[in-house]
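Open the model in a viewer with residue selection ready.

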Amino acid sequence: MMNKPRHIAVIGGGIAGMETASRLAQAGYKITLIEKERITGGHLTQWSHLFPDSSDPAIVVSRLSSALSHQNIKVITSTEITDISKNGQYFNLKSGSEMSLNADAIVVTSGFHLFDASRKEEYGYGLFDNVLTSADLELMMKNEKPIRTASGKKPRRIAIIHCVGSRDAKAGNTYCSKVCCITGIKQAIELNKRLPECEIFCFYMDLRLYGSSFDGLYLTAQQKHKVQFIRGRLSEAAEKPDKSLQIKAEDTLSGRPLRMDVDMIILLVGMEPGISHNNFSRNGSVQLDENGFLKCKDVHAARNLTTQTGIFMAGTCICPMSVSETLENARSAALEVINYFERKM
Ligand SMILES: Cc1cc2nc3c(=O)[nH]c(=O)nc-3n(C[C@H](O)[C@H](O)[C@H](O)COP(=O)(O)OP(=O)(O)OC[C@H]3O[C@@H](n4cnc5c(N)ncnc54)[C@H](O)[C@@H]3O)c2cc1C
Ligand code: SF4
């Protein structure tokens, strides 16, 4: 290639950013990867086991982290990009007033933001001691903490609630977060392994299991791990004097209202657009879609291209995705960047 090295800035050091950066570095480009947290890895650093195979997310993160030691990659951590703009032939990235960086192209890999469960007041997150989110449970299991109620007892009954902050017009999100049904099944299985005596119920609207092995996991959850699935949406949770919880729902298969006493509730929180998206779209550098994720140029033919030539994107800043989909998407973004520079030669 004639004009190498070109300089590409990758915003976000989650798995999408790490994979994109290493693929582009291997192709000979100079990369600056900027991550707002102290360490790279993104949300995977908070998870315990990965569906569909119960593997350790640390293995994925450590493989991708080693690839960042490539001589063409510079990693800047603890730096949040707050503004991107076009400046003549370059793009300019800013982190407040502290850092300014020019690049020939940008790949945005800024990921997703977890839905704040306290916005669903009726579920009692932040109010009742024994209401947790799926992200809290992941962290608890990752840190090998025994699963106990706030008062230290082994829970005898746990309800897992699907679609918290997704497919919910009142919460402002009508889209499906795609990975939470299978996350709920994964977590139900992991809970059963740790608490074989505990009854586990999943309350779902529909089960959206899109991966080839996901239906198998659903059957395993029922047959081997005795997880019970109830089609119904939780209307509210109330805390009892002993801190256990009563939930009210409608069983939408039988059409009957349902009340159940449980010791713990796990809310499967949805994936929302990353909070940087508004900053990136502020001066028209990129556009957002109807859900607030980054808008692509063509949903069929150009999923990694934003509406601004020279700014690409990969991973869950586009829409909810699993780990394998995110990594595939990152590789396809790297290819788009390479094609872009080859066309410019
Ligand atoms: C509860 C839960 C459990 C899950 N379990 C599984 C599972 O078992 N298996 C599976 O396949 N998938 C799972 N997923 C999905 C998985 O988490 C995602 O596929 C993956 O995290 C996507 O990676 P990403 O790089 O796109 O985004 P992220 O992980 O969100 O990484 C984005 C990175 O960008 C950084 N960043 C953001 N804005 C800026 C900025 N302005 N400047 C600099 N840096 C920035 C962030 O700090 C972060 O490090 C789960 C999701 C949830 C919610
Ligand atoms: S994946 Fe399942 S739990 Fe998540 S929003 Fe879609 S239907 Fe609801």
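Start by selecting helix α4 (residues 180-194) and helix α5 (residues 214-223), whose axes come within 10 Å and cross at roughly 35°. Helices (H or I, at least four residues) and strands (E, at least two) are DSSP runs, numbered from the N terminus. Axes are lines fitted to C-alpha atoms, for helices over the stretch in contact, with angles running from 0 to 180 degrees between N-to-C directions. The α4/α5 crossing is left-handed, that is, the near helix is turned anticlockwise from the far one by less than a right angle.

This is a predicted model, in which local features need pLDDT of at least 70 and side-chain atom pairs count only at pLDDT 80 or more, while totals for chains, interfaces and linings use all residues. Residues are numbered from 1 along each chain as its sequence is written, and chains are lettered from A and ligands numbered from 1 in the order in which they are written.

From α4, I182, I185, A188 and I189 meet F214, L217, Y218, T220 and A221 of α5; contact requires C-beta atoms, placed from the backbone, within 7 Å. This set holds 8 nonpolar residues, 1 polar and no charged. Ala, Val, Leu, Ile, Met, Phe, Trp, Tyr, Cys and Pro count as nonpolar, Asp, Glu, Lys and Arg as charged, and the others, Gly among them, as polar.

Next, select ligand 2. Its shell has 14 residues, of which C163, S166, C176, C180 and C181 come nearest; a residue belongs if its C-beta atom, placed from the backbone, lies within 6 Å. Both β10 (157-164) and α4 supply at least two residues of this shell. By class there are 6 nonpolar, 4 polar and 4 charged residues around ligand 2.

Move to ligand 1, surrounded by 39 residues, with G12, G14, G42, G111 and G315 the closest. At least two shell residues come from each of α1 (15-26), β8 (112-114), α3 (134-142), α4 and α7 (323-344). The shell around ligand 1 divides into 16 nonpolar, 17 polar and 6 charged residues.

Where does ligand 1 lie relative to domain 1 and domain 2? Colour domain 1 (7-111 + 274-344) and domain 2 (117-271) separately: both give residues to the shell, so ligand 1 lies between them. The bounds come from an automatic or database domain assignment. The C-alpha centres of the two domains lie 32 Å apart. Their contact takes 10 residues from domain 1 and 18 residues from domain 2. On the domain 1 side, the touching residues are 4 nonpolar, 6 polar and no charged.

I15, M18, E19 and S22 of α1 face V60, L64, S65 and A67 of α2 in the contact, giving 5 nonpolar, 2 polar and 1 charged.

Two backbone details remain. Most residues other than glycine have a negative phi, and most peptide bonds are trans. Select F51 and P52: a cis peptide bond joins them, with omega about 0°. P52 lies in the loop between β2 (30-34) and α2. Then go to S78, a residue other than glycine with a positive phi, near 50°, in the loop between β3 (73-76) and β4 (83-87).

Finally, zoom out to the chain, with its 7 helices and 18 strands. The C-alpha atoms fill a box of roughly 70 × 40 × 35 Å along the principal axes.

How values were computed:
Contact = placed C-beta atoms within 7 Å.
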